[in-house]
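Colleague: I would like to go through this model and hear what stands behind each label.

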Amino acid sequence: MLSQAGEVIPETERRFYGDAFRWLAGETSELRDLDVYLLGFDDLTAQLPAEHRADLEPLRDLLEDLRRDAYTRLMVALDSQRYRELMASWRAFLDAPDGAGAASTPVGRTAGERIWKAYRSIVRHGRHIDDDSPAEAVHDLRKRAKKLRYLLEAYRSLYPRGDMRSLAAELVTLQDNLGVYQDCDVQISSLRRFAELLGQRPGATGPAVLAMGVLSSQLAQRQQQARAEFQERFARFDRRKNRQRFRRLFEPIAEPVT
């Protein structure tokens, strides 16, 4: 949301808090990712034949060890002077009446302009993605979709409930597809890293590494399927009905020249 607040929040503060929350996100990301792996571990093992599921237990042990270390590092960050000062500063900033030059602009106009810009960005970039586009193009579109989702959620009370619910549902359908593609990519890379770490541990970890290889192959197939489904998902989001609704709700109205 800070990235979308140009001309509303002073640039100095916007850049400062953007960097500060980027630091905080970095401190929390490893623990969050490991929590996701551990919470979904049973679903992960269920993808293997029953006789090979126990082979993954060394991976569970590794993840639990990594999580303990990540938790310790996060607690150090949350107990730090830097974190305390950030929270106190952020609260004081939110309570202050000061704003940038556009802070007095009606919120409806600002919301419409931001949502329209984010929507047009998705359409423009999505229409250029084809089967030969690199993975980075798909990842970039996912980020743009996330920005639009934040804006729709933040300003939904300003617009008709039915329209906002329908647009959000259409966007979620596209986001689900982009998310599967990205998640598979991340999980394949993570399994490769975990396999290297397991290889450095004592004990018989060979069966676990082999089972992780099977999982990586399954994830690659799922990723390819998501990529094959992308054009259909995007075409649904980019259909005429949605274009008309976005234009009616959010397209800026040109000011008359006086």
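Modeller: The lining of the second largest pocket has 7 nonpolar, 4 polar and 6 charged residues. Here Ala, Val, Leu, Ile, Met, Phe, Trp, Tyr, Cys and Pro count as nonpolar, Asp, Glu, Lys and Arg as charged, and the others, Gly among them, as polar. The model is predicted: local features need pLDDT of at least 70 and side-chain atom pairs pLDDT 80 or more, while totals for chains, interfaces and linings use all residues. Residues are numbered from 1 along each chain as its sequence is written, and side-chain values use heavy atoms, with hydrogens and water left out.

Colleague: What makes something a pocket, and what is the volume of the second largest pocket?

Modeller: On a 1 Å grid over the protein atoms alone, a pocket is an open set of points with protein on both sides within 12 Å along at least five of seven lines, and lining residues have an atom within 4 Å of a point. The second largest pocket has a volume of about 550 Å³, a volume being the space filled by probe spheres set on the points, which are joined across faces, edges and corners. Of its 17 lining residues, Val36, Tyr37, Asp183, Val186 and Gln187 are closest to the centre. Helix 7 gives the largest share of this lining, 5 residues. Helices here are DSSP runs of H or I with at least four residues, numbered from the N terminus.

Colleague: Which residues lie nearest the centre of the largest pocket?

Modeller: They are Met1, Ser3, Arg22, Lys147 and Tyr150, out of 21 lining residues. The volume of the largest pocket is about 820 Å³. Helix 1 supplies the largest share of the lining, 10 residues. By class, the lining of the largest pocket divides into 5 nonpolar, 6 polar and 10 charged residues.

Colleague: Why is Gln175 called buried?

Modeller: Buried means under 20% relative accessible area, exposed over 50% and partly exposed in between, with a 1.4 Å probe and protein chains only. Gln175 has 17% relative accessibility, so the residue counts as buried. Gln175 sits in helix 7 (residues 161-199) and, leaving out residues up to four places away in sequence, touches Ala145, Lys146 and Arg149. Contact means heavy atoms within 4.5 Å.

Colleague: Why is the pair of Tyr17 and Phe93 called tilted?

Modeller: Rings of Phe, Tyr and Trp (its six-membered ring) pair if their centres lie within 6.5 Å; planes under 30 degrees apart count as stacked, over 60 as edge-to-face and the rest as tilted. The structure holds 14 such aromatic pairs. The centres of Tyr17 and Phe93 are 5.3 Å apart and the planes stand at 35 degrees, so this pair is tilted. Tyr17 belongs to helix 1 (residues 11-39) and Phe93 to helix 4 (residues 81-95), so the pair ties together parts 76 residues apart in sequence. Tyr17 is buried at 4%, and Phe93 is buried at 17%.

Colleague: What makes a nonpolar core, and which residues of the largest one touch the most other members?

Modeller: A nonpolar core is a set of buried Ala, Val, Leu, Ile, Met, Phe, Trp, Tyr and Cys residues joined through side-chain atoms within 4.5 Å. The largest has 29 residues, and Ile115, Ile122, Leu148, Tyr159, Phe237, Phe246 and Phe250 touch the most other members. Helix 5 (107-126) is among the helices that supply at least two residues, and its share of 7 residues is the largest.

Terms used:
On a 1 Å grid over the protein atoms alone, a cavity is a set of points where a 1.4 Å probe fits but cannot get out, and a pocket is an open set with protein on both sides within 12 Å along at least five of seven lines; lining residues have an atom within 4 Å of a point.
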